[in-house]
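Student: Could you take me through one part of this model up close, and then show me how the rest of the local detail fits around it?

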Amino acid sequence: MNRLSVKQIDIDYSRSINNRAKLDTGKLCNYNCEFCYYKKQLLERDELEVIKKRIDYLHAYGIDEIDLSGGESSVEPNWFKILEYCQGKFKRISCLSHGGKFSNLVFIQKSYDMGLREILFSLHGFTEEQHDEIVGKKGAFRNLLSAIDNAHRLGIEVRLNTTVYWKNHDSIDTFLIQKLQPSQVNFIALNYWQDNADAPPLDYHAICTSVKAAIDRLQYTTAVNARYFPLCYMQGYERFVKNHYDHIYDMKDWNKAVYNEQLDTSIAYTHEQKVDQCFAEADRIRQALAAEGIVLKDSPTGTTWERG
């Protein structure tokens, strides 16, 4: 959660909720993004049996769509074994990726053959020089464009993530985004999680102004989300803002209930119970922030924060 997120979302049992979850495949990654949450953990791997247990847990809960996420899941040596284990358990397999491995047509073809149907690509810079600098990898931009082209050729759904911060907000290229033909683009305000906790503060007025301009140009051709942006800076654009309590109502986001890995998956939970579990997990995040000295306060006009 960024340090200015504000929104009041009431529990609404009448609305459909998503049934998609993140499958954590470990922190291993061969890029070095400036804002990475796992900067000190990029060589760490999770054992295949640990990942399989996570898959079994999600499947037992009733999750039917997954996003493989790291790190960079595609560079995990057990990538194809993970896909194989997911087959037959989920109706849709997706992953988050910087695109490096998928620029290889043989690799992406094999991934497709083993069930991969959607890739959420990370586009953080809008020129070769800018993107490569941000992700810390020469040639990354060209590989990303090749990977997106390969995905389209195979009929794999393409979505985009762009982390928005001081280095790229004023250069968002909506013409490039449209050229890449994503089904959805997520603009994500830089977050201060884990190893990125000491990043310089954002100028929310500046980044929100840039994102609103991008939404104006994209909204009629592409689905757009603005994740973790404070609503006080997004007046008139509230319907595009997706924060923690919105997750379950966004069909392409992650069901927060299964962040709690202690749920009894032998129980067939009702729709209402699953909604309550999602909100309970969002409340847990709120409590974790409070433990760090950040207090969130609800009011009829929204949510504000202050240090306790």
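Tutor: Let's start with Q181, which sits in the loop between α6 (174-180) and β6 (184-189). Keep in mind that this is a predicted model. Q181 is not a glycine, yet its phi is positive, at about 55 degrees. Is Q181 buried or exposed? Q181 counts as exposed, because its relative accessibility is 56% and the cut-off for exposed is over 50%.

Now set Y228 beside that. Y228 is another residue other than glycine with a positive phi, here near 65 degrees. Its place is also a loop, the one between β7 (223-227) and β8 (241-242).

R227 of strand β7 pairs with D250, which lies in the loop between β8 and α8 (271-291). Their side chains meet in a salt bridge, with 2.9 Å from N to O. The two partners are 23 residues apart, so the pair links distant parts of the chain. Both D250 and R227 are buried.

Compare that with the pair E128 and R142, whose closest N and O atoms are 3.1 Å apart in a salt bridge. This one also links distant parts of the chain: E128 is in helix α4 (residues 128-135), R142 is in helix α5 (residues 140-154), and 14 residues separate them. How exposed is E128? E128 is partly exposed, because its relative accessibility is 31%. R142, at 55%, counts as exposed.

If you want a further pair to check, R54 forms a salt bridge with D46, where the closest N and O atoms are 2.8 Å apart. The count of salt bridges comes to 18. There is a network too: R20, E65, D67, R92, E118, E157, R159 and K252 are linked by salt bridges.

S97 counts as buried because its relative accessible area is 2%. Its side chain makes a polar contact of 2.8 Å with the side chain of E72. Leaving aside residues up to four places away in sequence, S97 touches E72, S74, F102, I119, L120, F121 and S122.

Last, the empty space. Rolling a probe the size of a water molecule over the atoms shows where empty space is left. In this structure there are two cavities of 30 Å³ or more. The second largest cavity holds about 30 Å³ of space. Which residues line the second largest cavity? Its lining is made up of H244, Y245, I248, K256, C278, F279 and A282. Five residues of that lining are nonpolar, one is polar and one is charged.

How values were computed:
Residues are numbered from 1 along each chain as its sequence is written. This is a predicted model: local features need pLDDT of at least 70, side-chain atom pairs count only at pLDDT 80 or more; totals for chains, interfaces and linings use all residues. Side-chain values use heavy atoms; hydrogens and water are left out. On a 1 Å grid over the protein atoms alone, a cavity is a set of points where a 1.4 Å probe fits but cannot get out, and a pocket is an open set with protein on both sides within 12 Å along at least five of seven lines; lining residues have an atom within 4 Å of a point. Grid points are joined across faces, edges and corners, and a volume is the space filled by probe spheres set on the points. Ala, Val, Leu, Ile, Met, Phe, Trp, Tyr, Cys and Pro count as nonpolar, Asp, Glu, Lys and Arg as charged, and the others, Gly among them, as polar. Helices (H or I, at least four residues) and strands (E, at least two) are DSSP runs, numbered from the N terminus. Buried means under 20% relative accessible area, exposed over 50%, partly exposed in between (1.4 Å probe, protein chains only). A salt bridge is a side-chain nitrogen of Lys or Arg within 4 Å of a carboxyl oxygen of Asp or Glu. A polar contact is a pair of N or O atoms within 3.5 Å; within protein, one must be able to donate a hydrogen and the other to accept it, and residues adjacent in sequence count only if both atoms are side-chain atoms. Contact means heavy atoms within 4.5 Å.
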